[in-house]
Amino acid sequence: MIEILSYGFMQKAFVTGIVTATACSLLGVFLVLRRYALMGDGLAHISFGGVALGILFNFMPYTSALLFSILGALGILKLKEKTLVHSDTAIAIISYTSLGIGIFIASIAGGFNVDLLSYLFGSILAIQTSEVAVSVALALIVIAVISLFYHDLFYMAFDEESAKTSGIKTGMLNSLLVVLTAITVVSAMRVVGLLLASALIVLPAASALQYNTSFKKTLLISAATSVFSVVTGLVLAYYYDYAVSGTIILLNAGLFLVALVVNKVRAR
Amino acid sequence: MQIEQRMEKKKVIELKDVQYAYGNNVVLSDITFSIEKGDFLGLIGPNGSGKTTLLKLILGLYPLKAGSIKLFGTDIASFREWAMIGYVPQKATNIDAIFPSTVKEVVAMGLLSRKSFPKIIGSADDGKITKALKTVGMERFGDKRIGELSGGQQQRIFIARALISEPDILFLDEPTTGVDQTTQESFYQLLGELNREGITIVLVSHDIGRITKYVTKVASLNTVLEFYGNHKEFCAYDPEHCHEESEQHRLCLDRG
């Protein structure tokens, strides 16, 4: 274990992975309870268009991915509010449009498919120092904002109408929640890739919810599940040369099964 | 004398020419009445009569399209003193059975209307949470998960959540739906005690016969306001649904 930590690339991977996994898992609890579980998936598709644009014009794909993702998130909310479109359909319309943009750019530009794949499937072991800084900064912003608005987000997740009658600005918080999701997806795109970023948001939260405990403990279990899967996934990938993102998600899926069994046993 | 004293009572809610429609379907038309401090108002009417819509307009949950609503003298659009308001929503629409929350966490939500940013709920608030739970007779259930409680117990927890901010007025929307009769009786008695302590109560119910036993005033809706008056006037208007004067009503009359 000490040997792993002596390598710079592994240090970067652990730091990025742990901070990002924490942000994903905390946000995930709110999203799953609000029935927004697939919002992260839609925003990841939207980010793909931004990444392709960034690579094409040779600027940091994080910037364009973040721009696409945040604008897309707000676009989904507006489409849902102002038209006769349901939220899942709104996510589909905007995410597929952006995905189409990404594929179109990739096909006309050519030559950067390898780069694009590293964003789709993640490449945490090859992450650059500048990317570590951006990913960690984004994840820390998400954790800080969730901490600041914790009580309001909790009340809104439980009962939006009552929260509103307590003076909580639920419209603003809903926008904040989707913007945080957009930021989280981008922070996780080098860790597990855009295709699996949403899994890092949904699976730990789904596992934690099986334990039927208090809200605070649920957040802690979600974070612990997520961090454990990332650390273990990195260690396994190092020793056995597995694909990191796939290993992390499979570990998360395994922990969800464990949570299901524990819940069933306790219910007897 | 009694009438004069009533005239002096402070109006906490004033509705004037309130109208509301879902598309072309008018659900409320020309609703004008006011609620005074200390009232225990039963807002009654059959299903689909516009009761819940009116309640949501009063609480600012729906945008007001026509007419005016004032809370404590302030227009609903600019009302910000939410700590003065306690709201207990319909049970059926409220609880996600798997929601991970203890009773204490739910009650603590009610403190948020009195907190400023960044909102922190700490050990200093534990006493308030315990007191609110004691008021509704649920102090032993603080560490239970909300989903483990029965419907009647959950409603008591929501009342505790509404009471913890020490509101001046408590709104309850069909709070006893799906709750057995014994639990309903003790629930309404609790509301009576709260009203005697000075909290104005607005109780929405389609169960006209049951709640008129407890309230001091009745507003009967069916798109329009069909009746508004005190218990005695309601008995003259609708003897079929009138119960004998309750202790609550007698106390109210004694207070003038």
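User: How many bridges join β4(B) to strand β5 of chain B, and do they run parallel or antiparallel?
Analyst: Two bridges join β4(B) to β5 (residues 74-75), and the strands run antiparallel. This is a predicted model. Within the pair, Leu71(B) is opposite Thr74(B) of β5(B).

User: What's in the turn?
Analyst: β4(B) and β5(B) make a hairpin with two residues between them. Phe72(B) sits in that turn and has a positive phi of about 50 degrees.

User: Which strand does β1 of chain B pair with?
Analyst: β1 (residues 11-22) pairs with β4 (residues 66-71) of chain B, antiparallel, over five bridges. Leu15(B) faces Ile69(B) of β4(B) there.

User: Now the six-strand sheet in chain B. What's the order?
Analyst: The order is β6-β7-β8-β3-β9-β10 in chain B, as an open sheet with mixed pairing. β6 (85-88) and β10 (224-230) are at the edges with a single partner strand each, so one side of each has no neighbour in the sheet. From one strand to the next, the twist averages 15 degrees.

User: What packs on it?
Analyst: Helix α6 (residues 181-196) of chain B does, touching β3, β7 (169-173) and β8 of chain B. The helix direction makes about 150 degrees with that of β8(B).

User: And β3 to β8, parallel or antiparallel?
Analyst: Parallel: five bridges join β3 (residues 40-44) to β8 (residues 200-205) in chain B. Leu41(B) has Val202(B) as its bridge partner in β8(B).

User: Back to β6(B). How many bridges join it to β7(B)?
Analyst: Four, and β6(B) and β7(B) run parallel. Ile85(B) has Ile169(B) as its bridge partner in β7(B).

User: Are the faces of β6(B) covered or open?
Analyst: Both are covered. In a regular strand the side chains alternate between the two faces of the sheet. In β6(B), Ile85(B) and Tyr87(B) are on one side, Gly86(B) and Val88(B) are on the other, and all are buried.

User: Where is Pro100(B)?
Analyst: Pro100(B) is in the loop between β6 and α3 (103-109) of chain B. It counts as buried because it has 27 C-beta neighbours inside 10 Å, and 20 or more is the cut-off.

User: What is Pro100(B) in contact with, sequence neighbours aside?
Analyst: Leaving out neighbours within four places in sequence, Pro100(B) is in contact with Leu209(A), Asn212(A), Thr213(A), Ser214(A), Phe215(A) and Thr218(A).

User: How many residues does the contact between the chains take?
Analyst: It takes 20 residues from chain A and 21 residues from chain B. On the chain A side, α8 (150-158), α9 (160-165) and α12 (215-240) each supply at least two residues. By class, that side has seven nonpolar, nine polar and four charged residues.

User: α12(A) has 26 residues. What span should that give?
Analyst: At 1.5 Å a residue α12(A) should span 38 Å, and its end C-alpha atoms are 37 Å apart, which agrees. Asp241(A) follows α12(A) and has a positive phi, near 60 degrees.

User: What about chain A overall, how many helices and strands?
Analyst: Chain A has 13 helices and zero strands. Its C-alpha atoms fill a box of roughly 55 × 45 × 30 Å along the principal axes. A compact globule of 268 residues would have a radius of gyration near 18 Å, and the 18 Å of chain A agrees.

User: How much of chain A is buried?
Analyst: 51% of the 268 residues count as buried. Of the contacts in chain A with a separation of 6 or more, 73% are between residues 24 or more positions apart.

User: Where is Asp30(B)?
Analyst: Asp30(B) is in strand β2 (residues 25-36) of chain B. Asp30(B) is not a glycine, yet has a positive phi of about 50 degrees. With 13 other C-beta atoms within 10 Å, Asp30(B) is partly exposed.

Key
Residues are numbered from 1 along each chain as its sequence is written. Chains are lettered from A and ligands numbered from 1 in the order in which they are written. This is a predicted model: local features need pLDDT of at least 70, side-chain atom pairs count only at pLDDT 80 or more; totals for chains, interfaces and linings use all residues. Two residues are in contact if their C-beta atoms, placed from the backbone, lie within 7 Å. Ala, Val, Leu, Ile, Met, Phe, Trp, Tyr, Cys and Pro count as nonpolar, Asp, Glu, Lys and Arg as charged, and the others, Gly among them, as polar. The radius of gyration is taken over C-alpha atoms; the globule rule is 2.2 Å times the number of residues to the power 0.38. A residue is buried if 20 or more other C-beta atoms lie within 10 Å of its own, exposed if 12 or fewer, and partly exposed in between; C-beta atoms are placed from the backbone. Two strands pair if DSSP finds at least two bridges between them. Axes are lines fitted to C-alpha atoms, for helices over the stretch in contact, and angles run from 0 to 180 degrees between N-to-C directions. The expected span of a helix is 1.5 Å times one less than its number of residues.
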